[in-house]
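Hi,

Here is the structure I promised to pass on. Have a look at it first, then read my notes below.

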Amino acid sequence: MSLSPSSNYSLKVLYDGYSRMEKGSMRANCTCTLIKGPNNMIIDTMTAWDRDKIVSALADNDVKCEDIHYAIGTHGHSDHLGNLNLFTKAKHIVGYTVSFGDIFFIHPFETGEPFKIDDNLQVIPTPGHTSADVSVVVKTAEFGTVVVAGDLFEREDDVEDPSLWKYVAGSENMESQEKHRNEVLLMADYIVPGHGPMFKVTQAMKDVVKKSSENR
Ligand SMILES: [Zn+2]
């Protein structure tokens, strides 16, 4: 495990996301994650209909909306962005856009540059699902390195069954998505996917990535 001795970050998944076909319509909501520590962060704020759920889940974790320093939407789909306006004390990062109020900060995510918050917390570009997806990398004492990956991973099953992320969730650029999936599988001890519970990255998952890069 790549533990940083100085990390005092903790991570709590507030809601497990899902996606399924039901009577001919897609029912989906995103996984919503809270990171607590020197910088508090909420990642993917569900749909606009989930305001009360989010406020009460934060209260259960002794966090008020105004305690959040960073509010992240991993990409620009409506089921990941519904409640950003609860977090008016926070810097917002939505895809590659970084803003606070009407101030927009230039950050070159498109060149691959991570947005480093501190030694244990950063936002990295992981395009593919859309052309401007980001993921959060946090070092925690409890879980080691966790990558909160949005829809880079739909859910754990898509590691075995790529048709889930390629065709069911949809991918704007499969080649790019696969490259970033592989990088995340190698760096993470745990992954929080966009529409399912957090899962452990097994050695077998890492070995598949290593083998595929050797054969290239
Ligand atoms: Zn999604």
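This is a predicted model: local features need pLDDT of at least 70, side-chain atom pairs count only at pLDDT 80 or more; totals for chains, interfaces and linings use all residues.

Tyr-70, Tyr-96, Phe-109 and Phe-115 are joined into a cluster by ring pairs. Residues are numbered from 1 along each chain as its sequence is written, and side-chain values use heavy atoms, with hydrogens and water left out.

Back to the rings. Searching the whole structure gives 5 aromatic pairs. (Rings of Phe, Tyr and Trp, the last with its six-membered ring, pair if their centres lie within 6.5 Å; planes under 30 degrees apart are stacked, over 60 edge-to-face, and the rest tilted.) Take Tyr-70 and Phe-115: their ring centres are 6.4 Å apart and their planes stand at 70°, so this pair is edge-to-face. Tyr-70 lies in strand β6 and Phe-115 in strand β10 (residues 115–118), so the pair ties together parts that are 45 residues apart in sequence. (Helices, H or I with at least four residues, and strands, E with at least two, are DSSP runs numbered from the N terminus.) Tyr-70 counts as buried, at 13% relative accessibility, and Phe-115 is buried with a relative accessible area of 13%. (Buried means under 20% relative accessible area, exposed over 50%, and partly exposed in between, using a 1.4 Å probe and protein chains only.)

The charged end of Lys-53 sits over the ring of Tyr-15, 5.1 Å from its centre, and that of Lys-91 sits over the ring of Phe-105, 4.2 Å from its centre. (That needs NZ of Lys or CZ of Arg within 6 Å of the ring centre and within 35 degrees of the ring normal.)

Next, the metal. Which residues coordinate the zinc ion? They are His-80 (NE2), Asp-151 (OD) and His-195 (NE2), at 2.1 Å. (Donors are N, O and S atoms within 2.8 Å of the metal, or 3.2 Å for Na, K and Ca; water is not among the atoms, so sites may look incomplete.) Along the sequence, the spacing of the donor residues reads H-x70-D-x43-H. His-80 lies in the loop between β6 (70–73) and β7 (91–94), and His-195 in the loop between β14 (190–193) and β15 (199–200), so the pair ties together parts that are 115 residues apart in sequence. Both His-80 and His-195 are buried.

The largest pocket has a volume of about 280 Å³. Val-159, Asn-182, Leu-185, Val-208 and Val-209 are the closest to its centre, out of 15 residues that line the largest pocket. (On a 1 Å grid over the protein atoms alone, a pocket is an open set of points where a 1.4 Å probe fits, with protein on both sides within 12 Å along at least five of seven lines; lining residues have an atom within 4 Å of a point. Grid points are joined across faces, edges and corners, and a volume is the space filled by probe spheres set on the points.) Helices α3 (174–187) and α4 (203–214) each supply at least two residues of this lining, and α4 gives the most, with 5 residues. By class, the lining has 8 nonpolar, 2 polar and 5 charged residues. (Ala, Val, Leu, Ile, Met, Phe, Trp, Tyr, Cys and Pro count as nonpolar, Asp, Glu, Lys and Arg as charged, and the others, Gly among them, as polar.)

Most residues other than glycine have a negative phi. Met-46, however, has a positive phi, near 65°. Met-46 lies in the loop between β5 (41–43) and α1 (51–60) and is buried, with a relative accessible area of 3%. Asp-62 has a positive phi too, of about 60°. Asp-62 lies in the loop between α1 and β6 and is exposed, with a relative accessible area of 68%.

Gly-95 is in the loop between β7 and β8 (97–100) and counts as buried at 5% relative accessibility.

Enjoy!
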